[in-house]
Amino acid sequence: MQERGLRAENDLDGWRQILKGKRSALFLSVCMLPLVMVATRKAGAAPHRSMATQGAGSRHAAAGNAAARAADGIIEDIRVSGNTRIETSTILSYMVVRPGDPFSQDDLDRSLKTLYATGLFSDVTLRREGNDLLVRVKENPVVNRIVFEGNHAAKDEDLHKVLTLKPRAVFSAETTADDRQHILQVYAQKARFSAVVTPQIVRLAHNRVDVVFKINEGPQTMIRKIAFVGNKAFSESQLASVVSSKESAWYHFLGSSDEYNPDRVKYDAELLRRFYLRNGYVDFQVKDMKGELSSDRKSFYVTFTVDEGVRYRLGKVDIRSSLRHVPAESMRKHVELFAHQWYDGKAVQDNATDMEELLQSEGHPFAQVHPEIARNPEKRIINLLFDISEGPRRYIERIDINGNTITQDHVVRAQLPFAEGDPYSASYKKYAKESVQNLGFFKSADIKDTPGSAPDRVNVAVDVVEKPTGEFSLGGGYSTDVGVIGNVGLKQHNLLGSGVDAGISGTLSLWQQQADISITNPSFMGRNLVVGADIFFIENNYQTYQNYSEGRYGITLRMGYSYNRYLSQSWNYSLIRRWVNDAWSEASWYILDQQGASLLSQLSTTVMYDRRDNRMAPHRGYYISAGGDFAGIGGDEDYVRGKINGAYYIPLDDLTNSHDWTLSFRGGAGWMADWGNGRRDVIDNFYLGGNNLRGFLDGGAGPRSVGSRTGHASEDLLGGRFMYNASAQLSFPLPFVASMGLGGRIFTDMGSVAGVRVRTLYTDPATAGSRYTPISGDMVSPRVSAGAGVSWKSPFGLLNIDLGVPLIRSYNDRTQLLRFGFGQQF
């Protein structure tokens, strides 16, 4: 009790010191009254009070609070000044205090902070005048425009995208400072870490400002050195070829691989992990990766610290199957791995995926193949088990297409390998995504699945982001086939969102003119049916290596369908008017006989089985196609022609530790026969040379007329009724310049054309008389060439150069050592 009393007295003494010097005795007595009552109550109250006593204390406390409110005063009115754009009611809504509230310093401080937090004001003052509260504000200016000065590496539109500050918004110094950091981040992504950004404010009339970001971009911050710490199995040069970041060098001037990018460095760590896993280092880890900026801020030193672990070989490779009607032994022939080879994590997963897809295609839609590994660090082997089982049975309840504002739903659905009610497997997502992206209508496509209305039901969502599908192109280039080329085209690949591809194009060159109108529906009537048509005009002036010109115009109707993911068939019908003219007087009788017009009516079909990983730039897999042409459904030509072609691509990743080495083998053959009394025009024959036999001129290998001394001295390339060709090629990246899009190749080609097919044969002197013209080069023995080539995916277009040297040729075959082509669409 005494201790409580002393504390109360001390409190009173403190208040007396604070209030000492107050002018108003009344003010002092009013303020002291509740405190004296509380102190007295604290000093004399018993430890256990009755409810009545407690109620009396509460009434005394309420009376004290009311007295305090009366002493502080009540806010009768709040007056706002200084605002021009912002309504007074808006300002009052941000404040904590209201008329009728006491002048509480805590509430006034909170109101002040709230007004500042809006970002609308550069200055706020609260002042009491009698019982009124005066609020004076100074509004932040409005942004008139945002300007960038000194930027070259980054476009204005790219910088505007990262800004929070916008024109016609309220200016904020804090927001401007944040935007400065956003701009610096843009330049960091462009490897310009020494960039300096200085925001400046230009004040205008009517409380407006222009915000000017003055930018000194500085030089690009290049990678001076890439180092590896902890590597023992592979040298620094080997690992440097694995990562996508490269050390600065003069030959990287067209690429960006030597620019420091933190995201690329993270990706490089993943590339290292995959590389080591493919080579048997299952326990490999990237302990640390860092980029250190040099003192002059002009370059980076990138260091990867790795822990390789031990290297494992494959031990026992086994299969276990719990799938009905699929014994383990029946799947052993599909295991592509063998004991004692170095463990390759990617090959293991690929093999499991292949077996899973095979089982699903053979009537086991829920089959799953899980590779299980068991390490033996002492023997450094990994035992591998492919566990084949049946996964959960799930069926597609609903398919939703999202994000397509132009493309119609049925266009996307036609590309999906499943429909509502079908069995669903997670592996289907990969192929569904590829199929939708291959349409070319979307920037991105994603397949997601969510639980349906029952445990065995799943909903599939196809989320797409559309992109422009119209195309206007102007192009130019040069080719050894047709000379200087100019072309123009107008296409719409997704006409009115229907998926229909329509276009018109024209090509003009020194030796060729061409115009084409085409339309293709990839899912005619919503079915697995491609339907299209082409109307065309072509005129070729062959007189650089032939003695005549040839032209044609006509229409081709097309139809195609797929049997499954790999097997497809197409049908074409063509009705073409052709002519041969402008034959030189020195041309052989075989060519002079061709002059005039003819009508071709031809039905064609092709069956193709394609297992390539990429049809545009294959790295692994194969394809084989077989087809035929039948001419004679009306018209002037009566023949039947058969063709077969194929290719096989072997990746050399395991030997080279690179994805850019590919060994390919290609071959083909064709044969034609006449069945009626057609014209037998040489323009329908098989020709060999150029693209299908490098080192030889187009059509330069095969039967040809021998010049006569009787006025027809020219040799004419006649082609033949039978042809075969084959090629082996090794494609590889060029050292030091691969990042610039340069790739090399070495090749060997072989083939031959035989079987003279002309309207009239003038090889018998007894019957030909003055038209006697012998033919040479008619042989099935192969012509062979070898050489090397370079491809450059330059910023100006694709450039191809091939140097082919004939090794075996017939007498007087026409050769072409150097062949190149260049072109660009823009």
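Helix α9 (residues 262-278) lies across β7, β8 and β9 and runs at about 30° to β9. Axes here are lines fitted to C-alpha atoms, for helices over the stretch in contact, with angles from 0 to 180 degrees between N-to-C directions; contact means heavy atoms within 4.5 Å. Helices (H or I, at least four residues) and strands (E, at least two) are DSSP runs numbered from the N terminus.

The three strands make an open sheet in the order β7-β9-β8, with mixed pairing. Its edge strands are β7 (222-229) and β8 (285-293), each of which pairs on one side only. Neighbouring strands of this sheet are turned by 15° against each other on average, direction ignored. Two strands count as paired if DSSP finds at least two bridges between them. Between β8 and β9 (residues 299-307) there are 8 bridges, and these strands run antiparallel.

## The model and the whole chain

This is a predicted model, in which local features need pLDDT of at least 70 and side-chain atom pairs count only at pLDDT 80 or more, while totals for chains, interfaces and linings use all residues. Residues are numbered from 1 along each chain as its sequence is written, and side-chain values use heavy atoms, with hydrogens and water left out.

Stepping back, the secondary structure of the chain comes to 16 helices and 35 strands. Of the 826 residues in the chain, 40% are buried; buried means under 20% relative accessible area, exposed over 50%, and partly exposed in between (1.4 Å probe, protein chains only). Among contacts with a separation of 6 or more, 59% are between residues 24 or more positions apart. The chain exposes about 43800 Å², and carbon and sulfur atoms supply 55% of that area. Accessible areas come from the Shrake-Rupley method with a 1.4 Å probe; for residues, only the protein chains shown count as cover.

## Helix α7 and its surroundings

Helix α7 spans residues 173-189, 17 residues in total, and reaches 25 Å from its first C-alpha to its last, close to the 24 Å expected at 1.5 Å a residue. That expected span is 1.5 Å times one less than the number of residues. T176, D179, I183, V186, Y187 and A188 are the buried residues of α7. They pack against β4 (142-149), α6 (156-162), β5 (196-204) and β6 (208-216).

After α7 comes A191, whose phi is positive, near 60°.

## A hairpin

Strands β18 (residues 500-509) and β19 (residues 512-521) pair in the antiparallel sense over 8 bridges. They form a hairpin with 2 residues between them.

## Salt bridges

A salt bridge here is a side-chain nitrogen of Lys or Arg within 4 Å of a carboxyl oxygen of Asp or Glu. By this rule the count comes to 40. In one of them, D681 meets R578 with the closest N and O atoms 3.5 Å apart. The pair links distant parts of the chain: D681 sits in the loop between β26 (662-674) and β27 (695-696), R578 in strand β22 (residues 567-581), 103 residues apart. Both D681 and R578 are buried.

E637 forms a salt bridge with R679, where the closest N and O atoms are 3.9 Å apart. E637 lies in the loop between β24 and β25 and R679 in the loop between β26 and β27, 42 residues apart. Both E637 and R679 are buried. Salt bridges that share partners join R578, E637, R679, D681 and D684 into one network. Another salt bridge connects K643 and D629, with the closest N and O atoms 3.4 Å apart. K643 lies in strand β25 (residues 639-651) and D629 in strand β24 (residues 621-631), so this pair ties together parts 14 residues apart in sequence. K643 counts as partly exposed at 35% relative accessibility, and D629 counts as buried at 6%.

## Two histidines with positive phi

Most residues other than glycine have a negative phi. H206, in the loop between β5 and β6, has a positive phi near 60°. At 74% relative accessibility, H206 counts as exposed. H340, found in the loop between α10 (328-331) and α11 (345-361), has a positive phi near 80°. H340 is exposed, with a relative accessible area of 60%.
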